[in-house]
Amino acid sequence: MSTTPYGTTHRATLRWQDAVVRSVRDETRSARTLRLELPTARPHLAGQHYVVRLTAPDGYTASRSYSVASAPADGFDEPPVGHIELTVERLADGEVSGYLCDVVEPGDELEVRGPIGGFFAWAGTSPALLVGGGSGVVPLMSMLRQARLTGRADLVRLVVSARSPQDLYYAEEIVGPQTTVLYTRQAPPGAGRAAGRLAVADLAGLVRGGEDVYVCGSPGFADAATAVLVEAGVPVPAIRVERFGPTG
Amino acid sequence: MATTRGFLGRSRAQRDPRLPPGQYDARDDWPVLHAEATPRIGTERWTFTVEGLVENEVSWTWDEIHALPPSRYAGAIHCVTTWSKFDMTFDGVSVDTLLAAAGPLPTATHVMAVSHTGYTTNLPLEDVTDGKAWVVWDADGAPLTTEHGGPARLLVPHLYFWKSAKWVSGLRLMDHDEQGFWERNGYHDRGDPWQEQRYQGD
């Protein structure tokens with residue numbers, strides 16, 4: 001993990017800018033997607049994230065990081081402005097996520113900076129196996145969308161783990177030949193697999209050899225998925241991991 | 001800076017003065033964040049090496065480093081992802097003890113902390129000397145778990161916690177600054193939480 005193959009985050013991307021919320025839509029009962037217009041377009045790589053900073057009237061601020069869900073190929077065709085989508089999971093007592101899920105409306109301005117991160121990023125030109133749990137699917141969705149929009153869906157295989165059909169993000173869009181959906185608590189009627197956690201058998205036929213593997217989810221999911229991937233024959237250096245902590 | 005419509009934030013009345021700006025108290029949680037697969041490093045093959053601009057390159061095995069004078073840190077840690085955690089204790093050995101054995105050359109100004117996973121992070125030499133940094137193997141009285149960097153990690157608690165390299169394998173002394181893993185990815189070269197030095201340019 002000593003290299004950063006897809007470049008670095010440049011200083012310009014770390015300047016704050018005032019994004020305008022153009023639309024909001026619910027993904028599940030506890031997650032919402034915000035489509036933001038950026039005054040200055042800074043095209044991202046699939047997998048990168050933004051920081052959102054909220055400021056109270058007395059100057060108090062709270063910032064959190066959110067992965068970009070939209071593809072680089074979606075939102076940068078109207079320079080100088082750009083568009084990105086962030087999907088936010090509403091956490092219990094979440095100071096920032098609660099605001100973004102329950103208070104924000106189209107037309108609001110949000111201070112953001114990004115895109116950030118060079119390690120958990122996919123340049124869109126090499127085979128990739130994507131393994132996500134819960135809200136960890138968000139950066140992987142950017143990769144899937146990019147692959148589909150650029151005609152390279154063959155490069156990507158996505159395994160997504162969700163508690164139940166009601167908890168699956170992007171439910172209508174995410175399904176397709178590239179995608180395997182695993183339900184851990186409650187599988188829909190007729191599902192070919194009983195509810196349960198990711199296991200080696202779920203990866204049958206998905207590990208091709210030579211691909212980069214992107215794992216994203218809670219620390220527990222990330223470590224369990226990594227162990228299963230290694231058991232399935234994936235070399236440890238091929239695995240990149242992004243863990244979501246309880247960041248409020 | 002513009003106010004965000006409708007955002008009040010949590011009450012500041014009881015905000016702990018030990019919290020640097022933009023941080024919150026994680027209380028009983030100790031979140032886990034790292035970019036690589038969690039490695040399993042047995043203490044039988046664990047080593048720690050001080051190299052680079054030193055009079056003598058020195059390596060310690062697990063048993064050898066435990067034979068050095070013990071040193072404890074008690075206090076707070078601060079992660080750039082905005083959580084802080086108070087009243088922690090870490091036990092290990094002071095980096096001063098390790099550097100004294102190797103003898104830094106006068107030209108040394110910076111260190112690169114290196115991990116068994118290949119992770120790296122850069123620090124000014126003065127941020128790891130004079131009682132400011134440790135190599136630790138116990139947290140709150142129990143062996144450091146693998147997910148938190150066990151068997152041993154660097155501890156530089158006055159800087160954001162990515163500087164406290166998990167699974168640390170050594171320090172390389174240099175006569176210039178050189179970016180480590182997160183620093184190349186846009187994070188700040190120093191990372192002082194009280195200055196909110198999260199990203200390059202902050």
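Predicted model: local features only at pLDDT ≥ 70, side-chain atom pairs only at ≥ 80, totals over all residues.
A:Arg208 is exposed, because 9 other C-beta atoms lie within 10 Å, and a residue counts as exposed at 12 or fewer. A:Arg208 sits in the loop between β9 and β10 of chain A.

Now the two domains of chain A. Domain 1 covers 11-116, and domain 2 covers 128-243. Their centres, taken over C-alpha atoms, are separated by 24 Å. Where they meet, 16 residues of domain 1 of chain A are in contact with 15 residues of domain 2 of chain A. On the domain 1 side, β1 (17-28) and β5 (82-89) of chain A each supply at least two of the residues that touch domain 2. By class, that side of domain 1 has seven nonpolar, five polar and four charged residues.

Next, the sheet that holds β9 and β10 of chain A. What is the strand order in this sheet? The order is β9-β8-β7-β10-β11 in chain A, an open sheet of five strands with parallel pairing. The edges are β9 (179-183) and β11 (239-243) of chain A; each has a single partner strand, so one side of each is left without a neighbour in the sheet. On average, neighbouring strands here are turned by 10° against each other, direction ignored.

One pairing in detail. Strand β8 of chain A, residues 156-162, runs parallel to β9(A), and five bridges join them. Within that pairing, A:Ala162 has A:Tyr183 in β9(A) as its bridge partner.

On to chain B. Its content is three helices and eleven strands. Along the sequence the pattern is β-β-β-α-β-β-α-β-β-β-β-β-β-α. How does the radius of gyration of chain B stand against that of a compact globule? Chain B has 17 Å, and a compact globule with 202 residues would be near 17 Å, so the two agree. The C-alpha trace of chain B spans about 60 × 35 × 30 Å along its principal axes. Of the 202 residues in chain B, 44% are buried. Counting contacts in chain B with a separation of 6 or more, 67% come from residues 24 or more positions apart.

Strand β2 of chain B, residues 47-52, gives a local example. Four bridges join β2 of chain B to β3 of chain B, residues 58-61, and this pair is antiparallel. The link between β2(B) and β3(B) is a hairpin through five residues. Four bridges also join β2(B) to β11 of chain B, residues 168-174, but that pair runs parallel. Which residues does B:Val50 face in these pairings? In β3(B) the bridge partner of B:Val50 is B:Val58, while in β11(B) B:Val50 stands opposite B:Leu171.

Last, the contact between the chains. Chain B brings 35 residues to it and chain A brings 42 residues. The chain B side divides into 13 nonpolar, 15 polar and seven charged residues.

Methods. Residues numbered from 1 in each chain as written. Chains lettered and ligands numbered in written order. Pairing = 2+ DSSP bridges. Axes fitted to C-alpha atoms, helices over the stretch in contact; angles between N-to-C directions. Domains from an automatic or database assignment. Contact = placed C-beta atoms within 7 Å. Nonpolar A, V, L, I, M, F, W, Y, C, P; charged D, E, K, R; others polar. Buried ≥ 20, exposed ≤ 12 C-beta atoms within 10 Å, placed from the backbone. Rg over C-alpha atoms; globule rule 2.2 N^0.38 Å.
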